[in-house]
Amino acid sequence: MTVFLLLLSFSVKAQNTEDKRGKYSGNHVKYVFLFVGDGMGVAHSAATEAYRSAINNDKVMHPLSFNEFPSQGLMTTYAKDRFITGSAASGTALATGHKTSINTISMNEDRSSEYPTIAEKAKANNMKVGIITSVSIDHATPAAFYAHEPKRHNYYNIGRQLTGSNFDYFGGGGFKSSKGPEGDKPDLIKMVEDNGYKYVDSKSDFRGLEKNAGKVMAVNPRLDNGAMPYALDMNRKDLSLADFTEKGIELLDNEDGFFMMVEGGKIDWSAHGNDAAGVIHGVMAFSDAVDEAIDFYERHPEETLIVVTSDHETGGMAVGAKKTEYSSYYERLQQQKVTLDVFGDKLDELVKDSPDGEVAFDRVMQITEKYIGLGKERHGLGLNKCDMRLLQHAYEIQFKDKEKPEEMDAMASAYIGKQSFAQTAVDILAKKAGVSFTSNSHTGIPVPVSAIGPGAELFDGRIDNTDIPKNIEVLLWPIGK
Ligand SMILES: [Zn+2]
């Protein structure tokens, strides 16, 4: 019995990621893709799979391509000083292999020293480096790969570090404010250009970028505070995360290899707002970007590693809801035409367009039916008495701001808290579709990791976020290099 237990404990220990890493020592891969679905947990991708099938009247959950990768692991995300992490601390772990304190960008927990990042090491080893995101390029996740900053909200300082990074390609989102929050600082876009980058912000210039374009910073033609539009809100004028990934491959492909980090940043934003349709469209756009890397992998399977993961789960999302029990109606989410944010803007416009600033409840409900689908009986989105009371209450708070009857206040805070009308509407839609959320923040549950390529087995099993760059490092370079 003792022998058996000893063997068992030994075999469990032998599965440990650190032990597995010991088998590798550089030159296993040449091209590395790290995809980070910000806030993307198991439910976010499962809901996307369910949605894609439901709209085709299919009961089979067909896997997103990365969910079929040969290596599948579960990754812990906790920060140095909190179980529930934030994007800065988790970005630091993914970029440097070190846990740090909340809001810190690639520095130690007391912010007295800098941790080198995997992207900087790649650059130092003659690889080309690309950083792509759908949110602003100075946001925590992309920043963790090129900047070292005590506070994630120092966007201008972070942007300044981008201009001096010498990385080869920045794609997707732009600077939050290129002249700083007060608009009085030297323009970061000019600094980027002065440092030898081609700054591209039109679709035709983007399409025209060729392999030998040199250092490039390419942003979507439409930006909101530096971020690309949500996938659900995009139109023909926009470039997708997949477009930026495809272009990155074209620009970075070279003899010495490349490291590319691609973030689907708005999955997290939609999950914070408990906007199920926004989440699903964000995951689909992210998955399309991964597919570009898979095309490249298929041409260079012996030299390419693709890792797809997340920095933390957001929303405490689940496939299933109390009211819908064992049923789900994901096709109902198709009736939502814009994200929570854009729907909020539409409601603000109603107020602006009204001569006296007054907007009737019926008018708000018309707009809600048009953009969120609530009220469309034939699509299963008829509204019951409780839905109407919740919507009416949110309307009162947002459009009337009058004293509410106590009982209604109690009901609303029990169910929805002090939410805006737009949040209440997407919440009701999610519940009718059979999606639920337990939080408007991040959660501490482990997130999935998928990997394909040489050394992908290092990402199997239970790993920690700090293992990601450590694993990539041993696959790229001999230990100690
Ligand atoms: Zn995040």
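I would like to begin with helix 14, whose buried residues are covered by elements that include helix 13 (340-353), helix 15 (385-400) and helix 17 (421-433). Please keep in mind throughout that this is a predicted model. Helix 14 itself runs over residues 361-371, and the residues buried in it are Val364, Thr368 and Tyr371. Because these residues cover an arc of only 80° around the axis, they sit on the same side of helix 14. After helix 14 comes Gly373, which has a positive phi, near 90°.

Let me now step back to the chain. It is divided into domain 1, made of 27-317 + 440-476, and domain 2, made of 321-436, and the centres of the two, taken over C-alpha atoms, are separated by 32 Å. Where they meet, 17 residues of domain 1 are in contact with 17 residues of domain 2. On the domain 1 side, the elements that give two or more residues are helix 3 (42-54) and helix 12 (276-299), and by class that side has 11 nonpolar, four polar and two charged residues.

Finally, the protein chain as a whole has 18 helices and 14 strands. Its radius of gyration is 23 Å, close to the 23 Å that the globule rule gives for 481 residues, so the chain is as compact as a globular protein of that length. Of those 481 residues, 51% count as buried, and among contacts with a separation of 6 or more, 73% are between residues 24 or more positions apart.

Terms used
Residues numbered from 1 in each chain as written. Predicted model: local features only at pLDDT ≥ 70, side-chain atom pairs only at ≥ 80, totals over all residues. Domains from an automatic or database assignment. Contact = placed C-beta atoms within 7 Å. Helix = DSSP H or I, 4+ residues; strand = E, 2+ residues; numbered from the N terminus. Nonpolar A, V, L, I, M, F, W, Y, C, P; charged D, E, K, R; others polar. Buried ≥ 20, exposed ≤ 12 C-beta atoms within 10 Å, placed from the backbone. Arc of directions from axis to C-beta. Rg over C-alpha atoms; globule rule 2.2 N^0.38 Å.
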